[in-house]
Amino acid sequence: MKILVINGPNINMLGIREPGIYGKNTFADLLALLEQTAQEEGIEIEQYQSNHEGCLVDRIQVAYGKVDGIVINPAAYTHTSVAILDALKAVSIPAVEVHISDVDAREPFRQVSYAGLYCCKTIKGHGLEGYREAILYLKNNI
């Protein structure tokens with residue numbers, strides 16, 4: 001099984017960016033968690049991060065026929081990107097949306113998730129552990 005983990009803008013700034021909201025763990029900590037989960041579960045995980053919407057869309061399209069599932073944290077594009085939603089729909093790969101913070105308890109504009117309209121599950125507010133939960137969900141449900 002191969003799972004693509006996609007992270008949107010500013011996720012590479014974990015540990016620096018608003019630690020009161022996103023925690024003190026770094027992007028390197030997230031990558032280590034993904035690697036550890038892959039080894040423990042006997043699956044292949046590919047990680048991709050970009051601050052650019054079009055690059056995220058391109059990476060979703062490249063995944064077509066190459067991965068079994070997608071874990072996606074579109075970050076700020078969650079609330080604005082119909083293009084990411086359309087890319088997910090186009091490739092028809094099972095996807096789980098992850099948010100490190102509890103977006104439901106934040107500003108009203110964060111209540112809208114375009115990517116979530118496609119995703120089979122959304123995990124919010126579980127910190128980095130939400131990524132592991134998403135990977136396990138895909139492993140057990142694909």
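Colleague: Is E41 buried, partly exposed or exposed?

Modeller: Quick note on the source: this is a predicted model, where local features need pLDDT of at least 70, side-chain atom pairs count only at pLDDT 80 or more, and totals for chains, interfaces and linings use all residues. Residues are numbered from 1 along each chain as its sequence is written, and side-chain values use heavy atoms, with hydrogens and water left out. Now, buried means under 20% relative accessible area, exposed over 50%, and partly exposed in between (1.4 Å probe, protein chains only). E41 has a relative accessible area of 23%, so the label is partly exposed.

Colleague: Which side chain does E41 meet in a salt bridge?

Modeller: A salt bridge here is a side-chain nitrogen of Lys or Arg within 4 Å of a carboxyl oxygen of Asp or Glu. For E41 the N to O distance is 2.8 Å, and the partner is K139.

Colleague: How many residues apart in sequence are the parts that K139 and E41 tie together?

Modeller: Helices (H or I, at least four residues) and strands (E, at least two) are DSSP runs, numbered from the N terminus. K139 sits in helix α5 (residues 129–141), while E41 belongs to helix α2 (residues 27–41). So the pair links parts whose separation in residues is 98.

Colleague: And which residue does E46 pair with in a salt bridge?

Modeller: E46 lies in strand β2 and its partner in strand β1, so parts 44 residues apart in sequence get tied together. The closest N and O atoms are 3.3 Å apart, and the partner is K2.

Colleague: How many residues of strand β1 are buried?

Modeller: Both faces are covered: K2, L4 and I6 are buried on one side, and I3, V5 and N7 on the other. The strand is largely enclosed by the rest of the structure, because the buried count for residues 2–7 is 6 of the 6.

Colleague: Which residue in β3 stands opposite V5?

Modeller: Two strands pair if DSSP finds at least two bridges between them. Strand β1 runs parallel to β3 (residues 69–73), with 5 bridges joining them. Opposite V5 stands V71.

Colleague: How many disulfides does the count come to?

Modeller: A disulfide is a pair of cysteine sulfur atoms within 2.5 Å. C119 is in none, as the nearest cysteine sulfur, that of C120, is 6.9 Å away. The count of disulfides comes to 0.
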